[in-house]
Amino acid sequence: MNVDWLLTHSPALLIAIPLLAAFLTPVIDRINKKARDAFVIIVLIIAEIIMIALAWDVFTGSAHIYTMGASNPTATIPSQAAVPIRIVLEVDGMGAFMGLISTTVSLAAGFYSLAFVKKETGQGRYYTLLLLMLVGMLGMEFTGDIFNLFVFLEVLSMASAALIAYRFYYGDAVEGAFKYCVVSSLGALMVLFAIGLLYGQYDLLNMAALAKVIEYTTLDKIALVLLIAAFAMKCGAVPMHMWTPDSYTVAPAPITAMLVAASQASLYALFRICFSLYGLTLDVTTVGIIIIALGLLSMFVGVTMALPQKDIKRLMSYHAVSQTGYMLLGVGVGLYLLGKSDFDTYGMAAMEGGIFHIINHALYKGLLFLTAGAIFYKVKTRNLNEMGGLAHSMKFTTIFFMIGALAIAGIPPFNGFASKLLIYESAYHVSPILSIIAMLVSIITLASFVKVFHSAFMGPPMENAEAGEVPKSMIIGMAILTVGIILFGLFPGWVVSNIVHPAAQALAAQAGYIGSVAGGA
Amino acid sequence: MIYNIPFFAVIILIAVGMYAVIFRRNLIKIAIGITIVESAVNLFLITLGYREGGVAPIYTNLPANVVIPGGMVLPVPQALTLTSIVIGVAVLALMLSFVIRIYQYYGTLDSKKVRRLKE
């Protein structure tokens, strides 16, 4: 087993290892609880290491194509059949970029969970579902097959729904999970219907092969509307955001951080459909404006809804909606300019800003949700009016929260600043109003987090609270994300040119995506 | 015309299911609505896959004078439908178990009363 072998098979291994480990976890759970915890962490670390190796290879070299069940993507079995039907995994810059986010957030959530769910029952099943969430995310990000995308979307949705309801004895947790389940299964059925429409016309399921022959007929437009609506709903864009605060609030904190990454996997699917599947055949001006409008609405409505919230996690969930708006705005501007002469000058910068914001958001929003979980762990309430003075006893959590809050508000030198600046600069060229709204939202975000910081951490110590810091494993989980925030904030130039640029390039260059599967079908 | 009837059925079923999900207040009826939409999508896939006069692609059991591979049906839509049915069962089971838990904690299935989160 050498490095080349590992790299060649890494796309399949990254899905297979967590999937098999997920179903081994309950077995090990029967034997020994400590062994199970160690097993889950080791699997998450292995996934992270393989992902980093694969991502490095993709960023410095070319996209990885992995064909299931044949030596190349175009082989037909039996040999006289006309159409190759099989699953192809396709890891290009964008897929590898998203995979890095998913594995990193899962690793942090895994460490954090060790202490967070220690007193709960059914931990074996908790970790099984956590690993299945990772499988769902990685599958969505790697697959080159549109039906496979649907299957992994459902794997992800079902695992997430069950985990949101994990602390079912709160009652409202089940309510949030039911909402999430209804929204995601309706969304997934819309995706399946769109897949049926595309298959009925072209007899193809492979995205690259479809992209080659797609014609933007009326049926294709209907399919595009269904796909955009479904994935925008799954990533929590206004006006389809109503499930986000409900389910983010009630899920256990590490799962909320995972849900942020899961929403971004849906965002990735949305971008993949627009750029790689339809590409220049679609009316980029109209669709670009629709996505920009979704982004602006999400930013503004999200942040204004966040201001009056008293529940710390509900407040952060509305901020998650608002931050999704920045990504939609950045990449929407890129889509709007795709194929126009200005694309190279600032369209690319806008896409880099939007894509960079995805990883920044996963890091700082994940961190903020984890600190909210740490507060809940100690104080046993999410109500901001009932807490105060936590800075006296929870020093690490306070520092982590400050870093996360400054990063989300776009204060230099943290990572949120770098991506927001890219978005402001490039959106300004399309219309100054876009940048003005984006900056305004950033200021309101800062105001809102100042409020949270003041009411949770400042003031005299609470009398009836458990004193002391949260357990070590929770601090490790938060530290993993904090290190990412600081590194990305200090070296944004290196990150943009080595990680974000290949990802944006992979999305923008549709011909490269089609060509990479050797001509498709 | 006769071959288009299933497509009209698909549209009607999706409309009925969406109506149940959006306007019905009983949580079990919402679950039923999702199942109806799912059946409609499955019907759509199966209808797409129907080819008049085609035979199943079982090589060992082919009738005489069937052209290979032109006379056989590529069974992809059927495979998609099977996958979708399996996923649908899991979704329905999960949703109904949520409904059971919600009934235990709230004592009602009315979605207007199950809203502790909004308070």
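Predicted model: local features only at pLDDT ≥ 70, side-chain atom pairs only at ≥ 80, totals over all residues.
Local features need pLDDT of at least 70, side-chain atom pairs count only at pLDDT 80 or more, and totals for chains, interfaces and linings use all residues. Residues are numbered from 1 along each chain as its sequence is written, and side-chain values use heavy atoms, leaving out hydrogens and water.

A:Phe178 sits in helix 6 (residues 172-202) of chain A; helices are DSSP runs of H or I with at least four residues, numbered from the N terminus. Its contacts, not counting residues up to four places away in sequence, include B:Leu27, B:Met95 and B:Phe98, where contact means heavy atoms within 4.5 Å. A:Ile486 belongs to helix 17 of chain A. The table compares accessibility, where buried means under 20% relative accessible area, exposed over 50% and partly exposed in between (1.4 Å probe, protein chains only).

| Residue | Relative accessible area | Class |
|---|---|---|
| A:Phe178 | 6% | buried |
| A:Ile486 | 33% | partly exposed |

A:Ile486 is one of the residues of a nonpolar surface patch, which also includes A:Trp56 and A:Trp494 and has about 720 Å² of accessible area together. Helix 17 (residues 472-490) of chain A gives the most to this patch, four residues.

Patch residues have over 30% relative accessible area and no salt bridge, with nonpolar side chains (Val, Leu, Ile, Met, Phe, Trp, Tyr) joined within 5 Å. A salt bridge is a side-chain nitrogen of Lys or Arg within 4 Å of a carboxyl oxygen of Asp or Glu.

Terms used:
Chains lettered and ligands numbered in written order. Helix = DSSP H or I, 4+ residues; strand = E, 2+ residues; numbered from the N terminus. Patch = residues over 30% accessible without salt bridge, like charges linked within 9 Å, V, L, I, M, F, W, Y side chains within 5 Å. Areas by Shrake-Rupley, 256 points an atom, 1.4 Å probe, with all protein chains shown as cover.
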